[in-house]
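Please look through the model below with the text beside it.

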Amino acid sequence: MKKFLKYFGLALTIAVLTVSAYYIYSLYEARIYTKETILLDIEASQWRSPNGEVKKFEIYSDDLTERQKEILIKVQDPGFYKHEGIDLSTPGAGLTTITQAIVKKLYFEKFKSGIAKIKQSLIARFVVNDLIPKNDQLTLFINMMYFGKVDGNPVVGLESAANAYYSQPIKDLTEEQYISLIAMLVMPGTFHIIDH
């Protein structure tokens, strides 16, 4: 029995060290990618999907009114300006913060829960939170989020959604129209403005 416990303890230690090394290396790679690609893309007013597709910013967080920002934050991530990338204490659109949402879009080609969720949370906390200011995180978020499909075409970004669903820019939407778009972020298929 002592021999078994000794080998079990050794195997467990090796497993913990291996998993720790994997996550440490993932954070190292994410920091390099952030510094060499994402921060430069933000300076160039663009963002890049993991498959390499580059898209220009259509809107900046400063283009939103204070009321629009307040609504977005309240629905999506109430603790956004206080937390450090992850937040399990304030109710928002699920357990995913705005920071984690942009990590999912920028660092994962195909995201699957489980181990990827741990990696996503670590990158959000120790990379994105440390290197990308909140204002830039919000700009990334409003440009890359999915708003369902119109005529079979995916609608990505808040400005595109305003044009696709209301045929006008975000600055001209009524508060009710704006709220309807923000509500779509939670579940674009279920809360689709046209279909439902």
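Helix α1 (residues 2-43) packs against α4 at an angle of about 50°, and their axes lie 10 Å apart. The axes are lines fitted to C-alpha atoms, for helices over the stretch in contact, and angles run from 0 to 180 degrees between N-to-C directions. The crossing of α1 and α4 is right-handed (the near helix is turned clockwise from the far one by less than a right angle).

This is a predicted model, in which local features need pLDDT of at least 70 and side-chain atom pairs count only at pLDDT 80 or more, while totals for chains, interfaces and linings use all residues. Residues are numbered from 1 along each chain as its sequence is written, and side-chain values use heavy atoms, with hydrogens and water left out.

The protein chain has seven helices and four strands. Helices (H or I, at least four residues) and strands (E, at least two) are DSSP runs, numbered from the N terminus. Along the sequence the pattern is α-β-β-α-α-α-α-β-β-α-α. The C-alpha atoms fill a box of roughly 70 × 35 × 35 Å, taken along the principal axes.

Strands β3 (residues 146-150) and β4 (residues 153-156) pair in the antiparallel sense over three bridges; two strands pair if DSSP finds at least two bridges between them. K149 has P154 in β4 as its bridge partner. Two residues lie between the strands of this hairpin, where D151 takes a positive phi near 55°.

On a 1 Å grid over the protein atoms alone, a cavity is a set of points where a 1.4 Å probe fits but cannot get out, and a pocket is an open set with protein on both sides within 12 Å along at least five of seven lines; lining residues have an atom within 4 Å of a point. Grid points are joined across faces, edges and corners, and a volume is the space filled by probe spheres set on the points.

The largest pocket holds about 710 Å³ of space. It is lined by 30 residues, and A101, K104, K105, M145 and Y146 are the closest to its centre. The largest share of this lining, four residues, comes from α3. By class, the lining has 15 nonpolar, eight polar and seven charged residues (Ala, Val, Leu, Ile, Met, Phe, Trp, Tyr, Cys and Pro count as nonpolar, Asp, Glu, Lys and Arg as charged, and the others, Gly among them, as polar).

The second largest cavity has a volume of about 30 Å³. Its lining has eight nonpolar, no polar and no charged residues.
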